[in-house]
Amino acid sequence: MMENVHLAPETDEDDLYSGYNDYNPTYDTEELENDTAFQQAVKTSHGRRPPDGVTRPMTAVRAAGFTKAALRGSAFDPLGQSRGPAPPLEARNEDSPEEKIRQLEKKVNELVEESCIANSCGDLKLALEKAKDAGRKERVLVRQREQVASPENINLDLTYSVLFNLASQYSANEMYPEALNTYQVIVKNKMFSNAGRLKVNMGNIYLKQRNYSKAIKFYRMALDQIPSVHKEMRIKIMQNIGVTFIQTGQYSDAINSFEHIMRMAPNLKAGFNLILSYFAVGDREKMKKAFQKLIAVPLETDEDGKYISPNDDPHTNLVIEAIKNDHLRQMERERKAMAEKYIMTAAKLIAPVIETSFAVGYDWCVEVVKASQYVELANDLEINKAIMYLRQKDFNQAVETLKMFEKKDSSVKSAAATNLSFLYYLENEFSQASSYADLAVNSDRYNPSALTNKGNTVFANGDYEKAAEFYKEALRNDSSCTEALYNIGLTYKKLNRLDEALDCFLKLHAILRNSAQVLYQIANIYELMEDPSQAMEWLMQLISVVPTDSRALSKLGGLYDSEGDKSQAFQYYYESYRYFPSNIEVIEWLGAYYIDTQFCEKAIQYFERASLIQPTQVKWQLMVASCFRRSGNYQKALDTYKDIHRKFPENVECLRFLVRLCTDIGLKEVQEYATKLKRLEKMKEIREQRTKSGRDSSGGPRGRRDGSAGSDGGQNCGAGSRGERLSAQLRALPRTEEPYDSSSNKELDASYVDPLGPQIERPRTAARKRVDEDDFADEELGDDLLPE
């Protein structure tokens, strides 16, 4: 082996490459014919040679970097190091036209990207500004390119993207004429390939502008320019055409479009729109067939069993846990929820019309659903059937339908029992409501609606502490259960834990920003906490939400009155009277206000209205007569007193004023009225003596209590409570302190709406003037001033 290695002699330092031409005898081509190993190799590779006519690629004979120049004394330098270092890079010329164009193009691309990002973030105004700026810079770029190079070098893709983004931003900002003009520039330019499909966007804009004929025209133009290989795009355009036909009332054309879609590529939206179209034309049989087609649309989602581990393999469990709630799984859930929504809505729509009665129609829909992949929706349809009975005021049938679910699985049983509890609660059958609430809770302990209804039944029985526990548990199961949060606030208010109640309603206000009931409760709690300024502030917010709520306006007027601001109080009381002119308290305050301000003739209309509302209350008619007398119209006052005397012949105050007026005017009837007055006073004296003797004989405390109770009767004299003076209409209104009833979150929503606010009995403030019949009892004939 070492015989073929040649070492350079140590003394020959001048010739570094001596022995270069010495080579191994193995490479001697003259002896290849006699080399048996080489000949054998050639024979074995003969069969793998390429076919005739195919030349074998040439290979090098000499080693790389070695040339014959070495024989002429040149040094071996395969890397070219003898040439010295590489020359430095040329400095970029920032002022060259090509560089300026390159930088400007980069800036345009950046502006387009920033515009798109701003649009995705919801800042539409900024997105439009960036798009306009990109358009301006792109036009400058085109002019510079035309000056430097030929027009063929213009970047058409960049121009297209700038114009398309600008049109999209115009459309997003509802600047439809500008968007249409920009789209026209793109569509008419023949240099842009596939620009015709943008006519779909133009059709969408015309649809938003309610220009349906042009929308259909552009949709069809786009459809003609899209090749048949783009099947999905064509189906979407056909769907837009069908929706536009529905908007114009051309249901037969819409049916043709949706039928074509359901034949070519059935989907949920097209199936649902087809049912709507058949419903509009009233074709029962076609509605049934369309519903069956909708049910048969493939959902294209994985089975739920895929996400259940078949064994205890830790690797498999890890994978399942990772994909159980990933984006794909969430998309599947959304698609399934959308399908269920379409099917439920379609069933509720067609069930009352496809058969002779809605019950038979619902039964047909239930049978079709049971035979499909959406079998679990059958129970929901049955519950909807019960709700339809409720809408038709057939309470018994609704209850019977819901009772059918008592033997079903736990989730359906819980939903039905929740609705039954709610219904019985509305009927004030609290025992039945409580039993079904228990059934709902036992079937599904994590059902917040069931827990809320159970709390309502306990609330109705007066056990507020226990009711609060149920509401808290409902909130633990579902923190977004606004019914439970509202009710726990009412419960704390009943328990006089005002700070906790206020905290609940403030949390609820953060969720339901414009809820009138929540705003009122916050104002009422501040009033109970004796903070009138905060109460007035929240009532102002309430009025901004419901400006025609007469009870809120009168409440605000009362707060201003208690603070001594009569002018503001008058403004809100007057507004309350305008919206609801039958509130006795408001009428009474307005009449007293005009008397205080010496405008008695203006007070007459209010007391006359009060006498119409309460014709059996003599005090309103006495006030009318008093106002006539104060304003100097004695004849009208006399006629009014005579009319009162005919209706209430035993009223002493009326007779006193009749005697006084007849004496002043000099009428002959004075003696008659004086005799009647004397007789009534004598009878009154006898009654008082009898009452006194009966009180003495019956014993002290009880007699005093009876006498006190008797003094509050009669003609509504004295300081009665506010609730006692309310009209029958207001008395019949629901109270906001009642719990907020909830039911199944699928259909039956609870309501705690009280359009006129709660009727909380509150004592009158000292600053508020009262106008009662007692004002006349202590009045001297010669003095006509109301007592302070």
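**Exercise 1. Determine the secondary structure of the chain in this predicted model and how much of the chain is buried.**

*Solution.* Step 1. The secondary structure of this predicted model consists of 35 helices and zero strands.

Step 1. The chain has 788 residues, and 40% of them are buried.

Step 2. Among contacts with a separation of 6 or more, 54% are between residues 24 or more positions apart.

**Exercise 2. Classify the ring pair Tyr424 and Tyr436 and locate both residues.**

*Solution.* Step 1. A pair of aromatic rings is described by the distance of the centres and the angle of the planes. The whole structure contains 21 aromatic pairs.

Step 1. For Tyr424 and Tyr436, the ring centres are 5.6 Å apart and the planes meet at 15°. Planes under 30 degrees apart count as stacked, so the pair Tyr424 and Tyr436 is stacked.

Step 2. Tyr424 belongs to helix α17 (residues 410-426) and Tyr436 to helix α18, so the pair ties together parts that are 12 residues apart in sequence.

Step 3. Tyr424 and Tyr436 are both buried.

**Exercise 3. Describe the surroundings of Tyr424.**

*Solution.* Step 1. The relative accessible area of Tyr424 is 6%. Buried means under 20%, so Tyr424 is buried.

Step 1. Neighbours within four places in sequence are left aside; Tyr424 is then in contact with Phe395, Val399, Lys403, Glu429, Gln432, Ala433 and Tyr436.

Step 2. One of these residues, Val399, is 25 residues from Tyr424 along the chain, and the two C-alpha atoms are separated by 9.2 Å.

**Exercise 4. Classify the ring pair Tyr486 and Phe505: is it stacked or edge-to-face?**

*Solution.* Step 1. The ring centres of Tyr486 and Phe505 lie 5.4 Å apart, with the planes at 80°.

Step 1. An angle over 60 degrees counts as edge-to-face, so the pair Tyr486 and Phe505 is edge-to-face.

Step 2. Tyr486 is in helix α21 (residues 482-494) and Phe505 in helix α22 (residues 498-511); the pair links distant parts of the chain, 19 residues apart. Both Tyr486 and Phe505 are buried.

**Exercise 5. Compare the accessibility of Tyr374, Arg210 and Glu530, which are found in loops.**

*Solution.* Step 1. Tyr374 is in the loop between α14 (358-370) and α15 (377-391). Its relative accessibility is 1%, so Tyr374 counts as buried.

Step 1. Beyond neighbours within four places in sequence, the contacts of Tyr374 are Leu268, Ile295, Val297, Leu299, Ala339, Ile343 and Val369. Ile295 is 79 residues from Tyr374 along the chain, and their C-alpha atoms are separated by 7.8 Å.

Step 2. Arg210 is in the loop between α6 (199-208) and α7 (212-225). With a relative accessible area of 63%, Arg210 is exposed. Its phi is near 60°, a positive value in a residue other than glycine.

Step 3. Glu530 occupies the loop between α23 (516-528) and α24 (532-545). At 71% relative accessibility, Glu530 counts as exposed. Glu530 also has a positive phi of about 60°, although it is not a glycine.

**Exercise 6. Identify the rings over which the charged ends of Arg578 and Lys602 sit.**

*Solution.* Step 1. The charged end of Arg578 sits over the ring of Tyr579, at 5.0 Å from the ring centre.

Step 1. The charged end of Lys602 sits over the ring of Phe599, at 5.3 Å from the ring centre.

**Exercise 7. Locate Ser443 and find the backbone oxygen that its side chain reaches.**

*Solution.* Step 1. Ser443 lies in helix α18 (residues 430-443). Its relative accessible area is 17%, so Ser443 is buried.

Step 1. The Ser443 side chain reaches the backbone oxygen of Leu439 at 2.8 Å.

Key: Residues numbered from 1 in each chain as written. Predicted model: local features only at pLDDT ≥ 70, side-chain atom pairs only at ≥ 80, totals over all residues. Heavy atoms only, no water. Helix = DSSP H or I, 4+ residues; strand = E, 2+ residues; numbered from the N terminus. Buried < 20%, exposed > 50% of the residue type's maximum accessible area, 1.4 Å probe, protein only. Polar contact = N/O pair within 3.5 Å; in protein donor to acceptor, adjacent residues only side chain to side chain. Phe/Tyr/Trp six-rings, centres within 6.5 Å; stacked < 30°, edge-to-face > 60°. Lys NZ or Arg CZ within 6 Å of the ring centre and 35° of its normal. Contact = heavy atoms within 4.5 Å.
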